[in-house]
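My entries follow in the order I made them.

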Amino acid sequence: MEIQEKNRRHSAVAWEILLMGFHESEEIAREIELHRNLVHLNVVRFYHCFEDSENVYIILENCSKKSLVHVMKHRKTLTEPEVRFYLRQLADGLRYVHGARIVHRDLKLGNMFLSENMTVKIGDFGLAARLHAETKVTICGTPNYIAPEVLSRQGHGYEADLWAMGCIMYAMLVGQPPFETSTLAETYSRIAHNMYVIPQWVSRPARSLIRQLLAPDPAHRPTLDQVLKHDFFTSGFMPVSLPPSCCSKAPTFASNDSGIKSDGDSTNENTSPLAPHHLRVPSSFQGNRSRPESVKVPSNGNNQSQKDQRVARSHSLKETPACRKEKKEAQQQQQQQTQQQQQQQHRGLPGSLKQKITNVLCPDRTADDHNNKEPSGRVGPPPPPTSAAPAVQQQQQQPSLYTALDSCLYHAAQVPSNPCPVPCNPLFISKWIDYSNKYGFGFQLSDRAVGVLFNDSTRISYSGDRNRLDFQDATGKTSSYSLNALPSYLMERLTLLRYFAQYMDENLTEGGDSQQQQQQEQASTTPSTSPVHRRRSFVHMKRWVRTPKAIIMQLDNNTLQINFFKDHTKIVLSADTTSTSAVTQYWVTYINSDRLSATYRLVDISQLGCESTLRERLVFALTVLREFAELDGDKI
């Protein structure tokens, strides 16, 4: 398809040139038949069409600001007032299309076009169909937006467009569609099982509407009228218009009306090496980086441009004292909500990073745990035991790594030097290779054990001496073998495992001083008194996430490792196997850019404090652990 812009009497139009093959002529004719009679503010206008022996030429309304997919490429995420603005127009246009008994079947960000004044225009009716008495069963659409009833061929109708609206809303708020993964099969699996996670910093009304739109049963999804009456639209601020500058930067809304300031910076840049480079965050966020769901509210908003914008609002020309009071209360509530969300985000991950973590392979997670879970948003130490729970019972509960680290960071002070390291070398990942585009993710541990997490969620590892092998199927069932008694169905996986191991041995350098650990293990003769972490069972990769700033790897022995790309430093959090305490203690291993490691007891950091470099990485690790805990359905 080729698009060319032409001007005719100062009215911009677009030429859509469709190459017409033998099989495409019927589809093109259907698209023209459905689109040509649609005339609505929020639908791309169809002007004319003609054809020659090779092509069909369609003249459409020109949308000079392209589409919302182009906005998202620049902005990554949008504020909730903007999402309301766009979704309201999408709902209006879709209500008109459905009124003509047409189901679009390919709603997505790329098909929501924008005019010069930022009006949403629904376009691309290439997959649209007219509904009569029967429902449609053809599988069609864009994978990330396809409804489950479309995939299962159960028959679909207007409700499939409502599902796509939910995916669009989620994508605008979070930064990518809710079911997006690296493979088509995994995406379809997540759609079929309704597996997605809404980040905690999305407001409660927004989460509620997303869940309703993404209801797996089409009969349980709201109608368009019900959508527009939802609390997301009625309780939150919705701008009357948006400036074209919103294509590249967030708008700033005035505090005394719904006017928009487009000539000032809406946010400040934060260039911490641990923050994704594309996110803009307020300068008040020092430790963690996540986008606020609403824009800042200036205190001095009585300039002339805002007065002009107020005059342009026809519904506010004659405001009664009661209306003004209600309006002021709504604005105060919006400001309080923004402050609360910023506090909740103090330890949250950026939207894009949160969603990347959501999209890792986690077969032991159930969707209902997350779709119905309300985040705590707590900032501070773990809550004290309730009066109903005896203190003895609280002491018997083993603290999770997240809980222990959360408590540590609350109590630890930032000091010029770290505590004295302990003489031990916990297990860590010394090498890794991402071959997930074909097979999976391979890794080598500091004791030379090698493992692979395959794309089908199975896992295989063999020991450092390469004599024993352990296989874990997709359900988590494990089996151990010696190499001379390996079942035939594992021979192909063993070949791949050896390929990963050979490549890492020959091409990759050690990610830390693992040779020192191997020497200590060989010299150790008394495991009961040795401070060396000695692995008696196989360790598998539970999940991994690669971001622009770091690669995050979690082993199934409660070890979390984060490798930062920019300075080649690493941090490893693991269980303290030398502790004689009845309560699980944890280690923190920091590997600097020279590949030299130092291990500290987490309790020592809590009591004595640590340097800013280590603390910043621990804060980052805490946000990762929180998201992993939510993925696993753990209470935090």
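Entry 1, helix packing. I am working from a predicted model. I began with helix 5 and helix 7, whose crossing is left-handed. Helix 5 covers residues 159-174 and helix 7 covers residues 204-213. Their axes lie 8 Å apart, at an angle of about 145°.

I then listed who touches whom. From helix 5 the contact takes in L162, W163, M165, G166, M169, Y170 and L173.

I found 14 aromatic pairs in the structure. I looked up F179 with Y196, which is edge-to-face, with 5.5 Å centre to centre and 70° between the planes. Where do the two residues of this pair lie? F179 is in the loop between helix 5 and helix 6 (184-193), and Y196 is in the loop between helix 6 and helix 7, so the pair ties together parts 17 residues apart in sequence.

Next I looked up F232 and F233, another edge-to-face pair, at 5.3 Å centre to centre and 85° between the planes. F232 has 0% relative accessibility and counts as buried. F233 is buried too, with a relative accessible area of 8%.

Is strand 12 buried or exposed? Six of its six residues (440-445) are buried, so strand 12 is largely enclosed by the rest of the structure.

I followed the pairing on each neighbour in turn. Strand 11 (residues 429-435) runs antiparallel to strand 12 and is joined to it by six bridges. Among the bridge partners, I noted K431 with Q444. A hairpin of four residues connects strand 11 to strand 12.

Strand 13 (residues 450-454) pairs with strand 12 over five bridges, again in the antiparallel sense. Here I noted G440 with F454 as bridge partners. Four residues separate strand 12 from strand 13 in their hairpin. In that turn, R448 has a positive phi of about 75°.

Definitions and conventions. Residues are numbered from 1 along each chain as its sequence is written. This is a predicted model: local features need pLDDT of at least 70, side-chain atom pairs count only at pLDDT 80 or more; totals for chains, interfaces and linings use all residues. Side-chain values use heavy atoms; hydrogens and water are left out. Buried means under 20% relative accessible area, exposed over 50%, partly exposed in between (1.4 Å probe, protein chains only). Two strands pair if DSSP finds at least two bridges between them. Axes are lines fitted to C-alpha atoms, for helices over the stretch in contact, and angles run from 0 to 180 degrees between N-to-C directions. A crossing is left-handed if the near helix is turned anticlockwise from the far one by less than a right angle, and right-handed if clockwise. Contact means heavy atoms within 4.5 Å. Rings of Phe, Tyr and Trp (its six-membered ring) pair if their centres lie within 6.5 Å; planes under 30 degrees apart count as stacked, over 60 as edge-to-face and the rest as tilted.
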